[in-house]
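Here are a few notes for when you open the file. They go from the whole chain down to a single residue.

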Amino acid sequence: MHFLQRAADEGWPELIVADPNFADWPWGTRAAIDLLQRWARHGRLMTVLAYRFDALPRRHPRWMQWRTVWDHKLQCRQLQARDVSLVPSALWSPQWVVERLDVERCIGLASAGRTAVVPRGEMLQEWIRHQSTPALPASVLGL
């Protein structure tokens, strides 16, 4: 939540979040939604990368509702990894990065240093450009 607090307080223009399925993230809490709401009000962009999105609607209905309202500032992309263990679990902005290196033990790094932020941002951008496809539409249009 500290990451979202800083993003909202400091007006970070871009966020990329990645995880195999976001099952254990706090997206469904009222506090997380309030922070995302504050962050999104000022022309921001968020990219959500996941191996699977099936846990989000079930476990995080508040996030799904928020996502529908802010769809114009949010893109969801499904990662095309051969091995789910290769999918990062990270929150990134040009200002700061948090990455879980050992998901089971929840061990990772958090840094504002360029030596951590830049390479992780480049890695996530590569996933977006070359190893992902659009996913989880905010609404389903039909005839």
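The points below start with the overall fold and end with one aspartate.

1. Keep in mind that this is a predicted model. The chain has five helices and seven strands, and from the N terminus on they come in the order α-β-α-β-α-α-β-β-β-β-α-β. With a radius of gyration of 14 Å, close to the 15 Å that the globule rule gives for 143 residues, the chain is as compact as a globular protein of that length.

2. On dimensions, the C-alpha trace spans about 50 × 35 × 30 Å along its principal axes. Of the contacts with a separation of 6 or more, 73% join residues 24 or more positions apart.

3. Of the 143 residues, 43% are buried.

4. Have a look at Asp 19, which is part of strand S1 (residues 14-19). Is Asp 19 buried or exposed? Its relative accessibility is 2%, and the cut-off for buried is under 20%, so Asp 19 counts as buried.

5. Which side chain does the side chain of Asp 19 make a polar contact with? The partner is Arg 100, at 3.1 Å. Beyond its neighbours within four places in sequence, Asp 19 also has contacts with Asp 24 and Trp 25, with Leu 49, Ala 50 and Tyr 51, and with Val 87, Pro 88 and Ser 89, among others.

Notes:
Residues numbered from 1 in each chain as written. Predicted model: local features only at pLDDT ≥ 70, side-chain atom pairs only at ≥ 80, totals over all residues. Heavy atoms only, no water. Helix = DSSP H or I, 4+ residues; strand = E, 2+ residues; numbered from the N terminus. Rg over C-alpha atoms; globule rule 2.2 N^0.38 Å. Buried < 20%, exposed > 50% of the residue type's maximum accessible area, 1.4 Å probe, protein only. Contact = heavy atoms within 4.5 Å. Polar contact = N/O pair within 3.5 Å; in protein donor to acceptor, adjacent residues only side chain to side chain.
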